Amino acid sequence: MYILGIESSCDETSAAVVSMDEGKREILSNIVASQIETHRLYGGVVPEIASRAHIEAISGITYEALEKANLKIEDIDCIAVTSHPGLIGALLVGVNFAKSLSFAYGIPLVAVNHVKAHVAAAYLEYPELEAPFAALVVSGGHTSFYSVNTPTEFIEIGGTRDDAAGEAFDKIGRVIGMPYPAGAAMDKLCYEGNPTAIKLPSPAIVGDNADFSFSGLKTAALNYINSERQKGVEPNAADITASYTKVIVDAIVKKTDYIIKAYKPSTLVLAGGVAANSHIRRALDELCEKKGAKLYMPSLSLCGDNAAMVAMAGYFEYLKGNFSDTYLNASANDEI
Ligand code: KG4
Ligand code: ZN
């Protein structure tokens, strides 16, 4: 069967066609139209601009995805759309477009949770992956651990109490002069810096839990940068980046170690935009190797927002019979 995925929760408009057959999952197309250049002018995502850009792109992107897959809309067996969480005005564009297509062509519609879609990216590349497992989703909006009982049933077992790791990277990256979003550039710059140059507080919440707090770390890094600048010294961006990344990576390792100890999962999935970070990937690889847990990480192109992961997550909703109709609404709500 063919699933058309549609994603518009933040600043990427994406449409994809995924073919699902017994044991075989193939991405036939996965078109991502990024709005980054537009938002860069403002140093972050401007919701109203994001909605308008989604409206401009969504139809063309969808037909491009169908064309690349060599299919017509009539060939599609199911439409999967991200309905939550995300920016409400942005989500509404994808949801309304998907509902219209579904209604006009009589194609079944399923609603997809964006966080579950990030995790589903791993199923696209690793057909052997089977729930139950533990998942860590690290993105611009999330830093959470889940106990994944089935592909559609997630229970949150830890996570950030304030900001997300991606947001923390983007914020400090901006202060040291990097364009939005700074995550990937900071990843590279780390290799040129000294990770012990600047003492920064850990974002790991003390105790037996899997929780984080990134706001204190952000403030500490900001205070350091400002106090250096007040002395007339421009702080070394590579050292800040390396030191900042080190405390984030160490905290993620510490809390993943706790999850492995407390929940004893045989398998762990790392997903979300920040899962592209080479330092986090290496550190979790080493941890899981040491602890005897199998680690699955989507390849870099499937870590960031894309509609192939939405189509994959939609397939599981389809199998469960979780269909939506024209009453489907978007929601900014984080509920999993
Ligand atoms: O999952 P995603 O595409 O969008 C959300 O659902 O939020 O994640 C975007 C986030 C941004 O904060 C971006 O800076 C970060 O992922 N990111 C990275 C890397 N590549 C993207 N953060 C750290 N290292 C990277 N290599
Ligand atoms: Zn995302």
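Reply: Two strands count as paired if DSSP finds at least two bridges between them; strands (E, at least two residues) and helices (H or I, at least four) are DSSP runs numbered from the N terminus. This is a predicted model, in which local features need pLDDT of at least 70 and side-chain atom pairs count only at pLDDT 80 or more, while totals for chains, interfaces and linings use all residues. Residues are numbered from 1 along each chain as its sequence is written, chains are lettered from A and ligands numbered from 1 in the order written, and side-chain values use heavy atoms, without hydrogens or water.

Me: Which residue stands opposite Ile3 in S4?

Reply: Strand S4 comprises residues 78-84, and it is joined to S1 by 4 bridges. The two strands run parallel. The residue of S4 that faces Ile3 is Cys78.

Me: How many bridges join S1 to strand S2?

Reply: S1 and S2 form a hairpin, with 4 residues between the strands. Within this pair, Leu4 stands opposite Val17 of S2. S2 covers residues 12-21 and runs antiparallel to S1, and the number of bridges is 6.

Me: Which residue takes a positive phi in the hairpin of S2 and S3?

Reply: Strand S3 (residues 24-34) runs antiparallel to S2, and 10 bridges join the two. One of the facing pairs is Glu12 with Ser34 of S3. The hairpin has 2 residues between its strands, and the positive phi, near 70°, belongs to Gly23.

Me: What is the strand order of the open sheet of 5 strands?

Reply: The edge strands, each pairing on one side only, are S8 (153-159) and S10 (294-296). The pairing in this sheet is mixed, and the order is S8-S7-S6-S9-S10.

Me: Which residue is the bridge partner of Ala135 in S7?

Reply: S6 (residues 133-138) and S7 (residues 143-150) pair over 6 bridges. Their sense is antiparallel. In S7, the partner of Ala135 is Tyr146.

Me: At what angle to S6 does helix H8 run?

Reply: Such angles run from 0 to 180 degrees between N-to-C directions, the axes being lines fitted to C-alpha atoms, for helices over the stretch in contact. Contact means heavy atoms within 4.5 Å. Helix H8, residues 237-263, lies across S6, S7, S8 and strand S9 (267-271), and its angle to S6 is about 160°.

Me: Which residues coordinate the zinc ion (ligand 2)?

Reply: Donors are N, O and S atoms within 2.8 Å of the metal (3.2 Å for Na, K and Ca); water is not among the atoms, so sites may look incomplete. In sequence, the donor residues of this zinc ion follow the spacing H-x3-H-x186-D. At 2.0 to 2.1 Å, the zinc ion is coordinated through NE2, NE2 and OD, respectively, of His114, His118 and Asp305.

Me: In which helix are His114 and His118 separated by about one helical turn?

Reply: The two histidines are 4 residues apart, and this is why about one turn separates them. The helix spans residues 114-125 and is H4.

Me: Is His118 buried or exposed?

Reply: His114, a donor residue too, has a relative accessible area of 7% and is buried. For His118 the relative accessible area is 2%, so His118 is likewise classed as buried.

Me: With which residues is Ser299 in contact, leaving aside its neighbours within four places in sequence?

Reply: Ser299 sits in the loop between S10 and H10. Its relative accessibility is 29%, so Ser299 counts as partly exposed. Beyond those sequence neighbours, the contacts of Ser299 are Glu125 and Arg281.

Me: What distance separates the C-alpha atoms of Ser299 and Lys254?

Reply: Along the chain, Ser299 and Lys254 are 45 residues apart. The separation of the two C-alpha atoms is 23 Å.

Note on methods. Buried < 20%, exposed > 50% of the residue type's maximum accessible area, 1.4 Å probe, protein only.
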